[in-house]
Structures are given as C-alpha cells and as structure tokens.
Amino acid sequence: MIECLTVFFMSMIPVVELRGAIPVGIAAGLHPALTYLLAVVGNLIPAPLIILLIRKIFELLRRVPWLGPKITWLENRAHLKGRVIHKYGLAGLFILVAVPLPGTGAWTGALAAALLDIRLKRAMPAIALGVLVAGAVVLALSCGVAFVVS
C-alpha cells in the first residue's frame, strides 16, 4: 500500500513526475499496469489546477521580494518551452508533454498552456495524451523493453 501511495504522490511532484515515479514503482515490485495507472493519474491531477490558478499564484508570489525574480525566471522558461506550442499548436503541447526528458512533462505543459492562454478544455486532452505516451515510454524502459530500429 505504501508503494502505491509513493508512486501516486511522487508523480505529482514537479521535475520528478512520472519519469521518476514509474521506475520507483517497478523497483518496489508493483505490477507494471498498476504502476502506470497510479503514475498517470497522479501526474494529471496538478495540470488543471496549474492552468486555472498559476497566474493568480504568480501574482501573489511576486509580492514577496526575493521570489519575484524566481517567478520571472520560471515564466521566461515556460515561454521558451512554449515556442514548440506556438509552432505546432496543440500538437506541440502534446510533444512537449510526451517526450520524457528533463524540463518537459505535465507541469511544464500546463504552465506553458496557462501562460499562452490556452483554455483548459483545449489543453487537457493534449496534456493527458502526452502523459499517457510519456508514461508508456518510461514504463517500457523501466521494464527493460528494448526497441530495435532497423
């Protein structure tokens, strides 16, 4: 039970997300399908909250003098990631979330969507599909599946 909660909550943490939670679940002996489900659901929970609330949260945090520059840095970083979204639209948002590399994922995708004024009902399907794909890739790698390209 503790392993399930670990995977679920670990997948909600920015940067770690399901890229870190799935290998932990597999290493803990959880069934791969259960690990995948827990990580995907946990990773998706913060996304709509980020899209809906991040601008107000940033507004409040900017009032704290030492946090203002950090918020500006985070917004600039999200705008840089948003170039893919500008170029390819919702397919770009999907790509940003689906590629399981550092600096990508549901948190970054939701932040970019919020700062680029993409509405929740348009952004969430792309983010959810991206999380499903990223989870499948990480799960395959965590279970030792090798892809051979000929």
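Visitor: How much space lies in the largest pocket?

Guide: Keep in mind that this model is predicted. Now the general idea. Rolling a probe the size of a water molecule over the atoms shows where empty space is left. Here, the largest pocket holds about 300 Å³ of space.

Visitor: Which residues are closest to the centre of that pocket?

Guide: Pro14, Leu74, Arg77, Trp107 and Thr108. They belong to a lining of 16 residues.

Visitor: Which elements give two or more residues to this lining?

Guide: Four helices do: α2 (17-27), α4, α5 (68-88) and α7 (106-115).

Visitor: How many lining residues are nonpolar, polar or charged?

Guide: The largest pocket has 10 nonpolar residues in its lining.

Visitor: Now the second largest pocket. How much space lies in it?

Guide: About 160 Å³. Its lining is Ile51, Leu52, Arg55, Ala113, Ala114, Asp117, Ile118, Arg119 and Leu120. Both α4 and α7 give two or more residues to it. The largest share is from α4, with 3 residues.

Visitor: What classes of residue line the second largest pocket?

Guide: Its lining has 6 nonpolar and 3 charged residues, and no polar ones.

Visitor: Why is isoleucine 57 classed as partly exposed rather than buried?

Guide: Look at the relative accessible area. Buried means under 20%, and exposed means over 50%. Isoleucine 57 has 38%, so it counts as partly exposed.

Visitor: How far apart are isoleucine 57 and isoleucine 71 in space?

Guide: Their C-alpha atoms are 9.9 Å apart. In sequence, the two are separated by 14 residues.

Visitor: On to the core. Which residues have the most contacts inside the largest nonpolar core?

Guide: The general idea is this. In soluble globular proteins, nonpolar side chains tend to be buried together. In this model, the largest nonpolar core has 40 residues, and Leu18, Leu93, Ile127 and Val131 have the most contacts inside it. Helices that each supply at least two core residues include α1 (2-10), α3 (32-44) and α6 (90-98). The largest share, 8 residues, comes from α8.

Visitor: Which residues does leucine 18 contact, leaving aside its neighbours within four places in sequence?

Guide: Ser11, Pro23, Ala39, Val40, Asn43, Val131, Ala134, Gly135 and Val138. One of these, Val131, is also listed among the core residues with the most contacts.

Conventions
Residues numbered from 1 in each chain as written. Predicted model: local features only at pLDDT ≥ 70, side-chain atom pairs only at ≥ 80, totals over all residues. Heavy atoms only, no water. Buried < 20%, exposed > 50% of the residue type's maximum accessible area, 1.4 Å probe, protein only. 1 Å grid on protein atoms, 1.4 Å probe; cavity = no way out; pocket = protein on both sides within 12 Å on 5 of 7 lines; lining within 4 Å. Points joined across faces, edges and corners; volume = space filled by probe spheres on them. Nonpolar A, V, L, I, M, F, W, Y, C, P; charged D, E, K, R; others polar. Core = buried A, V, L, I, M, F, W, Y, C linked by side-chain atoms within 4.5 Å. Contact = heavy atoms within 4.5 Å.
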